[in-house]
Amino acid sequence: MGANMKEELLKKIADREIVVGVVGLGYVGLPLAVEKAKAGFRTIGFDVQAKKVDMVNAGHNYIGDVVDSDLEKLVKEGMLKATTDFSFVKDVDFIAICVPTPLDAHQQPDISYVRSSTEAVSKHLKKNTMVVLESTTYPGTTEELIRPLLEQGSGLKCGEDFYLGFSPERVDPGNLIYKTKNTPKVVGAIGKDATEVIASMYRAVLEGDVYEVSSPAVAEMEKILENTYRNINIGLVNELTMLCQKMGISMWEVVDAAKTKPYGFQAFYPGPGLGGHCIPLDPYYLSWKAREYGFHTSMIESSMMINDQMPEYCVERAGKILNQAEKALKNAKVLVLGVAYKQDIDDYRESPALRVIEVLKREGAIVKYYDPWISEYRYKGQVFQGEPELTKELLEQADLVMITAAHTNVDYGFVQQHAKAIFDTKNAMKAISPRDNIEVL
């Protein structure tokens with residue numbers, strides 16, 4: 001059976017006869033679904049949120065990295081459709097699971113979305129299907145959690161009746177160069193045949209290299225290494241920033257000087273903390289899994305502690321800036337510029353700016369925010385409204401303007417002209433002068 005399945009799937013890939021299913025139509029799933037459909041594979045998107053499904057079926061895009069006209073064209077041509085009905089899994093030959101893997105209130109991995117999606121898929125899984133998990137998770141998830149769920153729910157056997165693998169998503173919202181299509185992909189599956197077939201499916205769609213590893217666990221660990229690497233280096237830079245502040249040295253200038261070295265150094269910059277759906281979360285997945293082996297990831301945990309305390313540190317610095325103007329943080333009017341987790345995107349998942357605002361309010365400050373990309377945000381069950389525009393009056397009324405996202409569509413010269421005091425945690429105003437009212441992290 002195994003050889004037949006392999007040959008049959010490879011032929012269907014070559015003939016563009018594979019029907020693709022993508023579970024989870026968010027920042028990872030929707031761009032992937034669009035690329036699969038553009039490559040000539042009929043694609044069905046599955047999501048539990050009817051609102052997302054309706055928007056896709058109407059050809060309305062809601063993800064920054066997808067071109068609106070691409071989505072509209074694919075839907076009109078019948079190459080892409082979305083549904084909340086998982087019974088359509090029986091019609092697909094390739095399924096990518098791209099659902100969120102957040103942390104719970106105790107910073108433990110919450111794999112409930114992965115579990116429920118896998119269970120829903122298992123009920124309708126047919127023979128000769130490839131299943132790939134793309135959601136970031138701890139090493140062992142594919143083999144220890146997904147495989148038994150799929151086998152129990154479907155009555156099929158992994159390796160004989162279906163192929164199962166892990167291929168971590170690499171999505172960098174707002175990146176103008178690397179999108180889903182041209183970013184290299186890592187694939188690790190259960191068995192050599194599964195790896196070969198799943199890798200060839202990605203090669204049929206993507207321009208980037210497809211790199212095969214020996215198991216799903218290697219691919220799961222590789223993804224965590226990518227993001228933990230960033231977490232640790234940002235933690236190092238943030239810690240040195242606190243020291244540089246005491247020494248009267250600009251860390252931004254230090255990093256710019258260090259990055260002139262053409263080897264052995266990669267530039268990372270300080271900031272008010274870490275945001276996004278991966279870098280702040282992945283190290284927790286690893287440290288949680290490591291405890292099963294009686295192992296403590298001390299270097300990783302140290303960097304997480306530093307990065308997690310940056311919002312508090314930024315508020316402390318804000319208090320000192322206000323103090324110089326003989327103002328208390330309590331009842332001070334603070335305008336926060338930017339709540340996205342990185343510049344020029346509308347994504348605020350895990351954004352440190354939300355924590356900065358929370359700490360400012362806890363200290364009694366009166367906080368308003370402006371973000372040209374985000375008119376309102378939801379945090380801990382509450383909805384917060386932003387200011388509709390960045391006006392002279394808004395800037396003049398603030399005792400302190402705090403920049404927590406370096407959006408390029410903000411007029412920083414205008415901000416400098418009208419703000420009493422500015423605390424720039426992102427060095428967004430590095431080209432602006434005069435600088436007598438600007439303090440940098």
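User: Where is Gly 413 found?
Analyst: Gly 413 sits in helix 14 (residues 412-418); helices here are DSSP runs of H or I with at least four residues, strands are runs of E with at least two, and both are numbered from the N terminus. This is a predicted model, where local features need pLDDT of at least 70, side-chain atom pairs count only at pLDDT 80 or more, and totals for chains, interfaces and linings use all residues. Residues are numbered from 1 along each chain as its sequence is written, and side-chain values use heavy atoms, with hydrogens and water left out.

User: What is the relative accessible area of Gly 413?
Analyst: It's 26%, so Gly 413 counts as partly exposed. Buried means under 20% relative accessible area, exposed means over 50%, and partly exposed is in between (1.4 Å probe, protein chains only). The C-alpha atoms of Gly 413 and Ile 432 are separated by 6.2 Å, with the two residues 19 apart along the chain.

User: Switching to strands: how do strand 9 and strand 10 pair, parallel or antiparallel?
Analyst: Strand 9 (residues 333-337) and strand 10 (residues 366-370) pair in the parallel sense, over five bridges; a pair needs at least two DSSP bridges between the strands. Leu 337 has Tyr 370 in strand 10 as its bridge partner. With helix 12 (residues 352-362), strands 9 and 10 make a right-handed β-α-β unit. Right-handed means that, with the strands pointing away from the viewer, the path from the first strand over the helix to the second runs clockwise.

User: Which residues line the second largest cavity?
Analyst: Leu 337 and Tyr 370 are among them, along with Gly 338, Asp 371, Pro 372, Ala 405, His 407, Val 410 and Tyr 412. That cavity has a volume of about 30 Å³.

User: What counts as a cavity?
Analyst: On a 1 Å grid over the protein atoms alone, it's a set of points where a 1.4 Å probe fits but cannot get out, and lining residues have an atom within 4 Å of a point. Points are joined across faces, edges and corners, and the volume is the space filled by probe spheres set on them.

User: And how big is the largest cavity?
Analyst: About 80 Å³. Its lining includes Glu 134, Glu 169, Arg 170, Lys 179 and Lys 185.

User: Is Cys 158 buried or exposed?
Analyst: Cys 158 is buried, at 7% relative accessible area. Cys 98 is buried too, at 8%.

User: Where is Asn 427, and what is its phi?
Analyst: Asn 427 is in the loop between strand 14 and strand 15, with a positive phi of about 55° although it is not a glycine. Asn 427 is buried, at 12%. Pro 434 is found in that loop as well, and the peptide bond from Ser 433 to Pro 434 is cis.

How values were computed:
1 Å grid on protein atoms, 1.4 Å probe; cavity = no way out; pocket = protein on both sides within 12 Å on 5 of 7 lines; lining within 4 Å.
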